[in-house]
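Open the structure in your viewer and keep the selection tool ready. This tour goes stop by stop.

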Amino acid sequence: NDNQIKSYLRGEDGSLQWVASTATGGNGSGGTIDPLHSQGSLRISPDHHLLFAVNAASGTVSSFLVNGPHLALADTVNSGGAFPSALTLSGNLLYVVNSGGNGNVTGFRVSPDGHLQSIPHSSRNLSGTSTSPTAVEFSPNGQFLAVVESSTSKVDLFRVFANGTLSDLVANSTPEPSPFAALFAPNGTLIVAGTANTISSFAVNW
């Protein structure tokens, strides 16, 4: 009933020292064994000044101002769907994947002080029913958004327009079942890891 982020200091020897717990302003999913079933439920900005988190049970996203190991809640907004489970950030553009129901993605603009503004008409449904999305990633140039659908063994690709909205999706089948995590390499290659101990790479051609 009180989703929290735990902050630690890391010593030079790799040891961790707990510092603080910060409430996110929403509720977590509960459960003990991978309850979110996702990658990327926490995201920090490249300059380490802002942190973003999902509140799965509340259907919200929270943002925080970061001061070393200390966090200050900046904003909490509706995620644009049910059971938000993962986030990705490119510049001042934040996208969240909502894994409840058939799944969708929704975009937000991030202000320098961490406030979130929903982008009109930014929500896009995923490829079908019961998609179980597990990861969402921006390409290095911010021009593409990829979403991994675990139960359908697909990777959805969207083009990102200048106003922050997305094109219709292009669904791509993965060579192995149950993809789970994704990451764009610096050269734009999309790398997808699956729960069947597989790794696949994709060139983005649009």
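Select Thr134. In this predicted model, Thr134 sits in strand 12, residues 133-138. Is Thr134 buried or exposed? Thr134 counts as buried, because its relative accessibility is 0% and the cut-off for buried is under 20%.

Now show what surrounds Thr134. Setting aside neighbours within four places in sequence, its contacts are His37, Ser38, Gln39, Ala86, Val148, Ser150, Pro179 and Phe180. Pick out Phe180 from that list. Its backbone oxygen lies 2.6 Å from a polar atom of the Thr134 side chain.

Of its 6 residues, 6 are buried, so strand 12 is largely enclosed by the rest of the structure.

Glu137 belongs to strand 12 and Arg43 to strand 3, residues 42-44, so the pair ties together parts that are 94 residues apart in sequence. Both Glu137 and Arg43 are buried. How many salt bridges are there in the count? The count comes to 1. Side chains of opposite charge can pair when their charged atoms come close.

Move on to the partner of strand 12. Select strand 13, residues 144-149. Strands 12 and 13 pair in the antiparallel sense over 5 bridges. To see one of the bridges, pick Phe138 and its partner in strand 13, Leu145.

Now jump to strand 9, residues 104-110. Here 6 of the 7 residues are buried, so strand 9 is largely enclosed by the rest of the structure. Visit its partners in turn:

- Strand 8, residues 93-98, pairs with strand 9 in the antiparallel sense over 6 bridges. Select Tyr95 to find its bridge partner in strand 9, Gly107. The hairpin of strands 8 and 9 has 5 residues between the strands, and Gly101 takes a positive phi near 65°.
- Strand 10, residues 116-118, is joined to strand 9 by 3 bridges, again antiparallel. Arg109 is bridged to Gln117 in strand 10. This hairpin has 5 residues between its strands, and Gly114 in the turn has a positive phi of about 90°.
- Strand 11, residues 124-125, pairs with strand 9 over 2 bridges in the antiparallel sense. Look for Asn104 and its partner in strand 11, Asn125.

Finally, zoom out to the whole chain. It has 0 helices and 18 strands. Its radius of gyration is 17 Å, close to the 17 Å that the globule rule gives for 206 residues, so the chain is as compact as a globular protein of that length. Along the principal axes, the C-alpha atoms fill a box of roughly 45 × 40 × 35 Å. Buried residues make up 46% of the 206. Among contacts between residues at least 6 apart in sequence, 43% join residues at least 24 apart.

Key
Residues are numbered from 1 along each chain as its sequence is written. This is a predicted model: local features need pLDDT of at least 70, side-chain atom pairs count only at pLDDT 80 or more; totals for chains, interfaces and linings use all residues. Side-chain values use heavy atoms; hydrogens and water are left out. Helices (H or I, at least four residues) and strands (E, at least two) are DSSP runs, numbered from the N terminus. Buried means under 20% relative accessible area, exposed over 50%, partly exposed in between (1.4 Å probe, protein chains only). A polar contact is a pair of N or O atoms within 3.5 Å; within protein, one must be able to donate a hydrogen and the other to accept it, and residues adjacent in sequence count only if both atoms are side-chain atoms. Contact means heavy atoms within 4.5 Å. A salt bridge is a side-chain nitrogen of Lys or Arg within 4 Å of a carboxyl oxygen of Asp or Glu. Two strands pair if DSSP finds at least two bridges between them. The radius of gyration is taken over C-alpha atoms; the globule rule is 2.2 Å times the number of residues to the power 0.38.
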